[in-house]
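Here's a quick briefing to read with the model open beside you. Let's start with charged pairs, then move on to packing.

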Amino acid sequence: MRVVLGVAGGIAAYKAAHVIRRLRELDHSVKVVPTANALKFIGAPTLEALSGQTVTTDVFDEVDTVNHVRIGQEADLVIIAPATADLIAKIAAGRADDLLTASVLTTTAEVVVAPAMHTEMWLNPATVANIATLRSRGIHVLDPAVGRLTGPDSGPGRLPEPEDIVDFALSRQTDRTRPEQSSTETRPLSGRRIVISAGGTREALDPVRFLGNRSSGKQGIALAKAAHAAGSHVDLVAANIDSGLLSGLPAGITITPVESTLELQAAMHTAQTHADAIIMAAAVADYRPAEATDSKMKKSGDDGLTLRLVQNPDILRGLVDERGRQTRLGDQIIVGFAAETGDADTTALDYARAKFRRKGVDLLVFNDVSDDRAFGHDDTMVQIISSDDGEIAVGEEFVGSKDDVSQKVIAALSAQLTHVESTT
Ligand code: CTP
């Protein structure tokens, strides 16, 4: 197998020598592509002697062979060990200003990244987001080992053992060559029907005014796209979503526009009858005006205006109850969302745990929206809560864009649906 080994400029670059040796022992050819900074830590002659191939770093070296495209194209597997925070950021951004980044951008082979950096860099939200981006694109990023780092400090950030990196990378490549796995891996929802609610409800006060919320529907749209890309038929129940956003959806997604909570409830119950799974991503008004007037409300003196509100139904709970009543729907997977803040007595996560129990869902996508948990303008942190043998299981913190979060939710949903026959 033709392995391209990328080496970035960190103290652990010397361990690349062990990775090369191990790969060569297993009879693989190794083309080493270091960054210019990597050569400050390990010399090109060492890398050339161990790999038996020339070593260059620049896109302008060996131009006659179109190296910057050919190396990536010809690779059967790309391993980057060590990968620094800077190199990871460049890959996340799609940069291609040296031979290694150009090769990563041109390859269609499996890419395995073994990070090594100081703990602070690994935990920095910028790196966390970049790692999430890489993973959402199918790049395999190993978690660094915990232990002694350069200098007196220690923590997560050490390069995993070279043998472990090689074993993991070769196992990824083997998976990829199994053709029957690839289609279920990339289209795990093929033949399924997923109903997704998105946007925010509006409760009419009169023909021109309403009580509403700021939900744009972007998260639900991203979920619809991810479910469609995973092979599912998607029914999107869209509460007041901008037509510009809806027009960007791929063909084949069925859209049911609704306005109020009661309309959303009716549309969801209709769609439920033929769904393998339901995702309630819409922001639903908990209350609506007790009565809406048919004609526009007029100002009436200086005494202010008192509105009487009545409680709306809990749509999600109603869908779970309906599933319980209909044996035919027994295997349906139901997913809720919960954006929570903590307070002096209870953490946001504890509120989410309680909501998971109260709603009776299979998965709850918990989003901590406490003030100090901002992850950059477009990124959010989510944790997926599920049930494991009756106990509540809380997934790892995941930071990413709405698209990244959607991939994660669809992957979790697909895993739950794996053992369930389709209802359609
Ligand atoms: N939801 C629903 N019907 C409602 C309110 C919420 O179906 N009337 C759904 C949302 O779409 C979401 C989940 O329930 O998937 C949690 O929404 P949230 O507003 O956090 O739940 P509430 O039940 O309103 O809880 P809280 O008392 O914390 O507001």
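**Salt bridges**

Glu25 and Arg22 join their side chains in a salt bridge, 3.8 Å from N to O. Keep in mind that this is a predicted model. A search of the whole structure turns up 16 salt bridges.

- Glu25 and Arg22 both sit in helix 1, three residues apart, which is about one turn of the helix.
- Glu25 counts as exposed because its relative accessibility is 55%, while Arg22, at 25%, counts as partly exposed.
- Asp167 joins in too: Arg22, Glu25 and Asp167 are linked in a network of salt bridges.
- Arg323 pairs with Asp362, with the closest N and O atoms 2.7 Å apart.
- That pair ties together distant parts of the chain, 39 residues apart: Arg323 is in helix 13, and Asp362 is in the loop between helix 14 and strand 17.
- Are Arg323 and Asp362 buried or exposed? Both are buried.

**Two helices side by side**

- Helix 1 (residues 16–25) packs against helix 2 (residues 44–51) at an angle of about 10°, with the axes 9 Å apart.
- The angle is under 35 degrees, so helix 1 is roughly parallel to helix 2.
- Helix 1 brings Ala17, Ile20, Arg21 and Arg24 to the contact, and helix 2 brings Leu47, Leu50 and Ser51.

**Nonpolar cores**

- The largest nonpolar core has 34 residues, and Ile196, Leu236, Ile410 and Leu413 have the most contacts inside it.
- Several elements give two or more residues to this core, including strand 8, helix 10 and helix 15.
- Apart from it lies another core, of 28 residues, with Ala17 and Ile20 among them.

Conventions. Residues numbered from 1 in each chain as written. Predicted model: local features only at pLDDT ≥ 70, side-chain atom pairs only at ≥ 80, totals over all residues. Heavy atoms only, no water. Axes fitted to C-alpha atoms, helices over the stretch in contact; angles between N-to-C directions. Helix = DSSP H or I, 4+ residues; strand = E, 2+ residues; numbered from the N terminus. Parallel < 35°, antiparallel > 145°, perpendicular 65-115°, else oblique. Contact = heavy atoms within 4.5 Å. Core = buried A, V, L, I, M, F, W, Y, C linked by side-chain atoms within 4.5 Å. Buried < 20%, exposed > 50% of the residue type's maximum accessible area, 1.4 Å probe, protein only. Salt bridge = Lys/Arg side-chain N within 4 Å of Asp/Glu carboxyl O.
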